[in-house]
Amino acid sequence: MKKCIILANGKSPKKNIIAYFQKSGYSRLICADGGANSAFKMKIVPDAIIGDLDSISPKTLKEFKSLSKIIKLKRQNDTDVEKCLKYVIKNKFDEVLLLGVTGNRLDHTFCNLGIVLKFFPSIKISLIAENSFLKAYNGNIELSTHPGETISLYGISSKTTISSHGLKYELKNDSLPFGERESTSNVAKKNLVKLKITNGIVFVIRDVNLMMKHDFF
């Protein structure tokens, strides 16, 4: 499977996060415009930099001009992260990890969470923000877990139902529509949690450090 990382211009992740996922098969690093500034500070060379290039610093652009593929797209009907996603889909990547997509701008954070849903049919997307790992799921899934691990689930639509096996607070064809009900801070009881998600998509949020420690990726 082809996997890549998209590094956006929000709060920069720790360098060890990028290093871990690069070793775990996310072999390409693509920066969304100003995300290249974060890569430059961490002394990581991106494979490509994509966007309208209004956020990347002249110093960063000069440094990476001969090292990375630079793709300038002036259109304003999509964000730089969306431009990157369209590029990786076109190049037949199967999975993408979004980093640097949250920060001081709540509207940017909200937009990027929406992007996970928007592109869900086309590519598997997950994202990391601070200590949290978020991934969207549908259908029948199995999660390798650690007993006592905190797992939170958020539905989007009232039509979406969830059944679980292996959680402290089990779900039985329950609906978790956004703004009405959620399963925050649920707890894994076993080494495996099974979810059956019908008629929609659910966000599952876990602790990225615990997942890295136990190699759950």
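Predicted model: local features only at pLDDT ≥ 70, side-chain atom pairs only at ≥ 80, totals over all residues.

Select Ser-122, which lies in the loop between H5 and E6. Helices (H or I, at least four residues) and strands (E, at least two) are DSSP runs, numbered from the N terminus. Ser-122 counts as partly exposed, at 48% relative accessibility. The classes are buried (under 20% relative accessible area), exposed (over 50%) and partly exposed in between, with a 1.4 Å probe and protein chains only.

Residues are numbered from 1 along each chain as its sequence is written, and side-chain values use heavy atoms, with hydrogens and water left out.

Next, select helix H5, residues 106-118. Which of its residues are buried? They are Thr-109, Asn-112, Ile-115 and Val-116. These residues are on the same side of H5, because they cover an arc of only 115° around the axis; the arc is that of the directions from the helix axis to the C-beta atoms. Turn to the other side of H5 to find Leu-106, Phe-110 and Lys-118, which are exposed.

Show what covers the buried residues of H5: this includes helix H4 (80-90) and the strands E5 (95-99), E6 (124-129), E7 (132-144) and E12 (192-207).

Move to Leu-98. Leu-98 and Leu-85 have the most contacts inside the largest nonpolar core, which has 28 residues. A nonpolar core is a set of buried Ala, Val, Leu, Ile, Met, Phe, Trp, Tyr and Cys residues joined through side-chain atoms within 4.5 Å. H4 supplies the largest share of this core, 4 residues. Leaving aside neighbours within four places in sequence, the residues in contact with Leu-98 (heavy atoms within 4.5 Å) include Ile-6, Val-81, Leu-85 and Val-116.

For a second, separate core, of 24 residues, select Cys-31, Ala-36, Ala-39 and Phe-64, which are among its members.

Finish with two backbone angles. Asn-173, in the loop between strand E9 (161-165) and strand E10 (174-175), has a positive phi of about 50° although it is not a glycine. Asp-215, in the segment after helix H6 (208-213), also is not a glycine and has a positive phi, near 55°. Asn-173 is exposed, at 58% relative accessible area, and Asp-215 is exposed at 53%.

How values were computed. Expected span 1.5 Å × (residues − 1).
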